[in-house]
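Subject: Handover of a structure and its findings

Dear colleague,

Please find below the structure that I am passing on to you. I would be grateful if you kept it open while reading the notes that come after it.

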Amino acid sequence: MQPIDELPLIPTPPPGFKSGFVGVIGRPNVGKSTLTNALVGQKVAITSPVAQTTRNRLLGILTRPDAQIVLVDTPGIHKPHHQLGRVLVKNARIAIESSDAIALVVDGSQKAGGGDRYIANLLQKIEVPVILGLNKVDLQPENATELDRTYTELAGEKDWQMVKFSALTGDGVGDLLDILVDRLPEGPYYYPPDLVTDRPERFIMGELIREQILLMTREEVPHSVAVAIEKVEEQPEITRVFASIYVERPSQKGIILGKGGQSIKQIGTAARSQMQKLVAGKIYLELFVKVRPKWRQSQMQLSELGYRVEE
Ligand SMILES: Nc1nc2c(ncn2[C@@H]2O[C@H](COP(=O)(O)OP(=O)(O)O)[C@@H](O)[C@H]2O)c(=O)[nH]1
Ligand SMILES: [Mg+2]
């Protein structure tokens, strides 16, 4: 018998196998996380109409017989105002520098703007191939010639390949995938073929709770929220999850709880039904709301809550 440490967890790839890291880059809200999920074929990243939904660099892993693509979903690139914002943008830059290819995602339902050009100029200085991905084509107006031209120009300047798709409907996502595989070098399996993300289940659970808070609360509350999974008790029939929701002010705690606890109940119910897809058996979810003033400004509290600059 083979000793256990020699068992092949990661198989040897067939000849000609392609693999690599693809940085998914773009302004906030253009659909980077939706695209990551669409390519992986499973929800690994949370999405919402609120800017800065994605806070941690997250890998979405897609394996097919001829290739393995490791998608690096990043927070959007923008001008930072907070310590948290600075950590997010710095991590996006690190992702750019360590990629084999870049998918620059833009909102194809609107003309190219200053934010897109700012990122395009950042990318001009790097060596790796860039694919310009026009997302949200399902929202394009009937006659989009003029709109498309603003992007063909942007891509033309830098000699980038351009592709149109909708991450939401899945239309055209296969074309993007083929282009990405085409651009990747030959390489090994970086991760076991059945893995879809590098994040532990606990992290995804916390994110699914945060997603519901983003969807149900408005204005300044979303950015002030962090979720920590305190305890997971796994039993054959049921998984018990205890999570804390951190906010910065007592007024925000009030909003999350809602009248007579109505909002927190709704958040819990919706998050539980999403989490149900992750585990076999039933889920019991208990949420606590806690006030931690200025957690976003404190490097120590940021790292305690799992936000780190990865160097
Ligand atoms: N109509 C439409 N909406 C999309 C599409 N892709 C993403 N969205 C929506 O745009 C919003 C932001 O998406 P998200 O993936 O969180 O953006 P990110 O900040 O770039 O990661 C969400 O409400 C998505 O549902 C698309 O192809 N079509
Ligand atoms: Mg995102």
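Predicted model: local features only at pLDDT ≥ 70, side-chain atom pairs only at ≥ 80, totals over all residues.

**The six-stranded sheet**

An open sheet is built from 6 strands, arranged in the order E2-E3-E1-E4-E5-E6 with mixed pairing. Its edges are formed by strand E2 (58-64) and strand E6 (161-164), each of which pairs on one side only. On average, neighbouring strands in this sheet are turned by 25° against each other, direction ignored.

Strand E3 (residues 67-73) is linked to E2 by 7 bridges, and the two run antiparallel. E2 and E3 form a hairpin, with 2 residues between them. Within this pairing, Leu 62 has Ile 69 of E3 as its bridge partner, and Thr 63 stands opposite Gln 68 in E3. E3 is also joined to E1 by 7 bridges, but here the strands run parallel. In E3, Ala 67 has Lys 18 opposite it.

How much of E3 is covered? Of its 7 residues, 7 are buried. In a regular strand, side chains alternate between the two faces of the sheet. In E3, Ala 67, Ile 69, Leu 71 and Asp 73 point one way, while Gln 68, Val 70 and Val 72 point the other way, and all are buried.

Helix H1 (residues 32-40) lies across strand E1 (18-25), E2, E3, strand E4 (101-107) and strand E5 (130-135), and runs at about 30° to E2. Helix H4 (residues 145-158) packs on the sheet as well, where it touches E4, E5 and E6; the direction of H4 makes about 175° with that of E5.

**The three-stranded sheet**

A further open sheet has 3 strands in the order E7-E8-E9, again with mixed pairing. Strand E7 (226-234) and strand E9 (282-291) are at the edges; each has a single partner strand, so one side of each is left without a neighbour in the sheet. Neighbouring strands of this sheet are turned by 20° against each other on average, direction ignored.

E7 pairs with strand E8 (residues 238-247) over 8 bridges in the antiparallel sense. One of the positions in E8 is Tyr 246, which has Ala 226 opposite it. Helix H6 (residues 201-216) lies across E7 and E8, at about 130° to E7. Helix H7 (residues 250-257) lies across E8 and E9, at about 155° to E9.

**The surroundings of ligand 1**

Ligand 1 is surrounded by 21 residues, the closest being Gly 31, Ser 33, Thr 34, Thr 47 and Leu 168. By type, this shell holds 6 nonpolar, 12 polar and 3 charged residues. H1 gives the most to the shell, with 3 residues.

Thr 47, one of the closest residues, is found in the loop between H1 and E2. Why does Thr 47 count as buried? There are 21 other C-beta atoms within 10 Å of Thr 47, and a residue is buried if 20 or more are found within that distance. Apart from its neighbours within four places in sequence, Thr 47 is in contact with Ser 33, Thr 34 and Thr 53. The C-alpha atoms of Thr 47 and Leu 215 are separated by 9.2 Å, although the two residues are 168 residues apart along the chain.

Yours sincerely

Definitions and conventions
Residues numbered from 1 in each chain as written. Chains lettered and ligands numbered in written order. Near = placed C-beta within 6 Å. Helix = DSSP H or I, 4+ residues; strand = E, 2+ residues; numbered from the N terminus. Nonpolar A, V, L, I, M, F, W, Y, C, P; charged D, E, K, R; others polar. Pairing = 2+ DSSP bridges. Axes fitted to C-alpha atoms, helices over the stretch in contact; angles between N-to-C directions. Contact = placed C-beta atoms within 7 Å. Buried ≥ 20, exposed ≤ 12 C-beta atoms within 10 Å, placed from the backbone.
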